[in-house]
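User: I'd like to walk through this one together. Can you take my questions as they come?

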Amino acid sequence: MLRPVSAKNPPPGGAQPFVPLVTYALIAACTLVFLVGPVSGLDPLYGGGNARACAELAYYHHWGVIPSELMDNQPIAAPTTPGCPAPDGFPKIPALSVLTAMFVHGGWLHLLGNMLFLYVFGAMVEERMGRLPYLLSYVALGYLATYGYAVFAGGDSATQTLVGASGAIAGILGAYLRLHPKARVTSLLPFLLFLPLRFPAWLVLGVWFAIQWASVGAPSAAVTGVAYTAHLIGFAGGFLFAWLLYCRRRGYADPTNAAVLPGDPP
């Protein structure tokens, strides 16, 4: 599978390069939340072994999203786990949990994978939209992806806790595809010994979308717990949002159509 590592647009005429402050702030916030939480294993206050496992369960339940809670707008009781104390804390607000879940991740690989995609694709979308519209779009697309997933979730999926920024980031990927379809994305191919190659964004993101689509309903989805439907909804929402607000009405021309993007990360 393609693993994107860089997608940049050189500033015209020697202008100062754009600094994606919002993208960097989102990456920093997600990383900080992960490091201080029980899942990272770095905070000794959570203990180890069974104590840490209990802390993780309570942490996910309180700060993560549970689809059935969104549909009923009522929090459900935390499941009773043998050997774990009864969870406590302030009452959970289901609608607000969509926002908090965007900053909670299920492990190091989950965090690093999401942050890599946000780092690669977020900067140019932030530059095109502007910082505040980009931030608002990021949050709105995260809500769209999560509530959309909740609508289609059934059975065990309705009570399975969701965490991670992937729904919002999928929306940024969709916006990127519409705004910069011919931008060159440097990607690593594992089956070619991670040889860095450049591909157009429409190919890289098209392959990513096809994988998400093919994974919906697959037996592996139930095992991994990946919310592929949320990814698809977020991606489609981001694409349509960029098309309606930044392309169709303003006749936006993608400057990367004639640009070769450097592959070295900053």
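User: Which hand does the link of C54 and C84 have?
Analyst: First, the ground rules: this is a predicted model, where local features need pLDDT of at least 70, side-chain atom pairs count only at pLDDT 80 or more, and totals for chains, interfaces and linings use all residues. Residues are numbered from 1 along each chain as its sequence is written, and side-chain values use heavy atoms, with hydrogens and water left out. For the link of C54 and C84, the angle about the S-S bond is -80°, and the hand is left-handed.

User: Where in the chain do the two partners sit?
Analyst: The pair ties together distant parts of the chain, 30 residues apart. C54 belongs to helix α2 (residues 50-63), while C84 falls in the loop between α3 (67-72) and α4 (94-101). Helices here are DSSP runs of H or I with at least four residues, strands are runs of E with at least two, and both are numbered from the N terminus.

User: How far apart are the sulfur atoms of C54 and C84?
Analyst: A disulfide is a pair of cysteine sulfur atoms within 2.5 Å, and by this rule the count comes to 1 disulfide. In that pair, C54 and C84, the sulfur atoms are apart by 1.9 Å.

User: Is C54 buried or exposed?
Analyst: Buried means under 20% relative accessible area, exposed over 50%, and partly exposed in between, using a 1.4 Å probe and protein chains only. C54 has a relative accessible area of 10%, so C54 is buried.

User: And C30, buried or exposed?
Analyst: The relative accessibility of C30 is 0%. C30 therefore counts as buried.

User: Which helix holds L245?
Analyst: L245 has a relative accessible area of 33%, so this residue is partly exposed. The helix that contains L245 spans residues 228-248 and is α10.

User: How many helices and strands does the protein chain have?
Analyst: Along the sequence, the pattern reads β-α-α-α-α-α-α-α-β-β-α-α-α. The count is 10 helices and 3 strands.

User: What percentage of the protein chain's residues count as buried?
Analyst: The protein chain has 266 residues. The buried share of them is 43%.
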